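Subject: Structure handover

Hello,

Here is the structure I promised to pass on. Please open it next to this email and read along.

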Amino acid sequence: MSGSAPHPPPHFLSAADLTSEQLVWLLDLAESMRLKRLERPSRWQWQFPHTLALVFEKPSLRTHVSFSVAATELGGSSVYLGPGDIGLNTREPASDVGAVLSRMAHMIVARVNRHQTLLDLVEPGGVPVVNALSELEHPCQALADLLTLKQRFGGLGNQLTLAWCGDGNNVLHSLLLACAAAGVNLKAACPAGLQPKPDVVQAARETASVTGAEIGITTSPMEAVSGANAVYTDVWTSMGDESQAAQRRAQFSGFQVDAGMMKAAGAGAVAMHCLPAHCGEEISAEVFNEHRALIMQQAENRLHAQKALVWWMLSGGAVDSTLARR
């Protein structure tokens, strides 16, 4: 870890917005915040209250609650704006929403249907915008996932291999970019026609060429999980794609993370899931229940990782460099 706190990015729209140094430092800060969460008074309290505007076009449990609790624990507050509150891009363009919120709130956290909406919310000279999910990326989930791997295996780096069995979706895109930056090997198995975007894979491989991580893409789940430390899956049909559920179940034949797949991964391998899970579909009930504690820890880490992110970005980088080591 660097001896000084790196300056945060102006916005966090992609996992690629963090350098390797920034990512490692942020995860150290998140772990320190987790360990000291019940400390009173907390060393992580704003001098004056900050407000997060939570702009959500899609419903959420973990994202909504974790950002709200993070704001409260940092001494601030949040304002939730659901799909019916704004009429984003219908009643009012995202660019105007971003301009207005930048004059009232200190940060915009947005969970949107289209990634372009995030770009439109960025007001020149305005407040930071954080991607809480788009169809392209889910970078906050990737922060929690890497924090979970760090806790489970005692660190990150090329000694770790994460296997992905599922859709080449937004969660995988951010994992590819974040694992590459952290030096973690990632082997992804996705059905033909549902593979990750080539430009995202190329960007991850360019970063991996510096950190030494290996990025592999295949259509064979068994090839991906062989020798992996962790096996990660997600629902086969994401929110908004329900009309394709039957077709997708056929495409994902052989992709269920079950006992046989975990055995192929090897002794000590863990199962991960970003939730909500459809047990009996992408993951067997047996595997889900066996690894339920870690999966819930993964969900809890949404709070710690995002709390550290919010604190760091709103401090403007003026964070005591020793904090992340305490």
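Predicted model: local features only at pLDDT ≥ 70, side-chain atom pairs only at ≥ 80, totals over all residues.

Residues are numbered from 1 along each chain as its sequence is written, and side-chain values use heavy atoms, without hydrogens and water.

Helix packing

Helices (H or I, at least four residues) and strands (E, at least two) are DSSP runs, numbered from the N terminus. Axes are lines fitted to C-alpha atoms, for helices over the stretch in contact, and angles run from 0 to 180 degrees between N-to-C directions.

Start with helix 1 (residues 20-35) and helix 13 (residues 292-314). Their axes come within 8 Å and cross at roughly 115°. Residues in contact (heavy atoms within 4.5 Å) include Trp25 and Leu29 in helix 1, and His304 and Trp311 in helix 13.

Helix 1 also meets helix 6 (residues 139-153). Here the axes come within 10 Å and cross at roughly 70°. That makes helix 1 roughly perpendicular to helix 6 (angles under 35 degrees count as roughly parallel, over 145 as roughly antiparallel, 65 to 115 as roughly perpendicular and the rest as oblique).

Helix 7 (residues 170-182) and helix 8 (residues 198-211) pack at about 15°, with axes 7 Å apart. They are therefore roughly parallel.

A buried helix

In helix 4 (residues 94-102), the buried residues are Ala94, Val97, Gly98, Ala99, Leu101 and Ser102. Buried means under 20% relative accessible area, exposed over 50%, partly exposed in between (1.4 Å probe, protein chains only). Their cover includes strand 1 (51-56), strand 3 (107-111) and helix 5 (115-121).

Aromatic pairs

Rings of Phe, Tyr and Trp (its six-membered ring) pair if their centres lie within 6.5 Å; planes under 30 degrees apart count as stacked, over 60 as edge-to-face and the rest as tilted. The count is 5 aromatic pairs. Trp164 and Tyr232 form a tilted one, 5.1 Å centre to centre, with 40° between the planes. Trp164 lies in strand 5 and Tyr232 in strand 8, so the pair ties together parts 68 residues apart in sequence. Trp164 is buried at 0%. Tyr232 is buried at 0% too.

Trp236 and Phe252 have ring centres 5.2 Å apart and planes at 5°, so this pair is stacked. Trp236, Phe252 and Phe255 form one aromatic cluster.

Best wishes
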